[in-house]
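Please look over the sequence and the model below before reading on. The briefing that follows moves from the whole chain to its charged pairs, its charged surface and one further residue.

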Amino acid sequence: MRSTKTTSFQAGTALLASALLMTTAFAAEGPRYTYVEAGYVSLDLDNGSSFGGDLDGDGFAIGGSLAVTDMFHIFTDYSDVDLDSNNSGFSADYSQFAIGGGINYPMSDTVDVVGQLAYLDVEVDVDSFGSADESGYGLYGGARAMIQPAWEVNGGISYSDLGDGIDGTSFSLGTLYSFTEMFAVGAGFSVGDDVTSWTVGARLYFGESL
């Protein structure tokens, strides 16, 4: 009679080996650029003495990307955050829409250098003060790297210009882990000129190009 303990150990070893083989198979190449994603956003705005001091809050973000060729992709994203003042009773709604294109140049089989240009539209609606809507452009330069078959890290520098002296630079760092060929979860952190944010979310990957 076979030992139950030995049988269980063998079954567990086989399952682990199968999982490792599957992980290597679905993510053995570089970063992918065709996906949709959604997540939670937390935003902290150091506004000084304007509008009663600092603002912070949370909301959601949705977006997607499409690989048009092996080295060019288009993308769009939208975020909406409810903000509250730390020093007064008013609140504000902050939303941002972006659409643009980017170049992803492979430095190796697992590392891409990424450059993006986007059109930006930002709207802020402050209780009892009215709303403001500004548009401009954003630039991004950074890298995406698969440090393990299913694990990506990414980071870069962003610059935005909405006209009328409204501009800023931020630095971001993020990570993604793919549980299957299609499904990944991730988190990111960004810090810039008086603005700090972090996100957690999920991503669904699809085919690489049209």
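Of the 210 residues in the protein chain, 31% are buried, where buried means under 20% relative accessible area, exposed over 50%, and partly exposed in between (1.4 Å probe, protein chains only). This is a predicted model, in which local features need pLDDT of at least 70 and side-chain atom pairs count only at pLDDT 80 or more, while totals for chains, interfaces and linings use all residues. Residues are numbered from 1 along each chain as its sequence is written, and side-chain values use heavy atoms, with hydrogens and water left out.

**Overall architecture**

- Along the sequence, the elements of the protein chain follow the pattern α-β-β-β-β-β-β-β-β-β-β.
- Among contacts with a separation of 6 or more in the protein chain, 48% come from residues 24 or more positions apart, a contact being heavy atoms within 4.5 Å.
- Carbon and sulfur atoms hold 63% of the accessible surface of the protein chain, which comes to about 12,100 Å² (Shrake-Rupley method with a 1.4 Å probe; for residues, only the protein chains shown count as cover).

**Salt bridges**

- The structure holds two salt bridges, each defined as a side-chain nitrogen of Lys or Arg within 4 Å of a carboxyl oxygen of Asp or Glu.
- One of them joins the side chains of Arg203 and Glu37, at 2.8 Å from N to O; Arg203 lies in strand β10 (residues 195–205) and Glu37 in strand β1 (residues 35–45), so the pair ties together parts that are 166 residues apart in sequence.
- Within this pair, Arg203 is buried at 9% relative accessible area, whereas Glu37, at 30%, counts as partly exposed.
- Arg144 and Glu152 form a salt bridge in which the closest N and O atoms are 2.8 Å apart, and both residues are buried.

**Negative surface patch**

- Asp58, Asp82, Asp84, Glu123, Asp125, Asp127 and Asp133 form a negative surface patch, a patch of this kind being made of residues with over 30% relative accessible area and no salt bridge, with like charges joined within 9 Å.
- Strands β3 (72–85) and β5 (111–126) each supply at least two residues of the negative patch.
- Asp58 lies in strand β2 (residues 55–67) and, at 38% relative accessibility, counts as partly exposed.

**Surroundings of Ser190**

- Ser190 sits in strand β9 (residues 183–192) and counts as buried at 17% relative accessibility.
- Leaving aside neighbours within four places in sequence, Ser190 is in contact with Ser170, Phe171, Ser172, Val195, Thr196 and Ser197.

Methods:
Patches are made of residues with over 30% relative accessible area and no salt bridge: like charges are joined within 9 Å, nonpolar side chains (Val, Leu, Ile, Met, Phe, Trp, Tyr) within 5 Å. Lys and Arg count as positive and Asp and Glu as negative; His and the chain ends are not counted. The place of a charge is taken as NZ of Lys, CZ of Arg, CG of Asp or CD of Glu. Helices (H or I, at least four residues) and strands (E, at least two) are DSSP runs, numbered from the N terminus.
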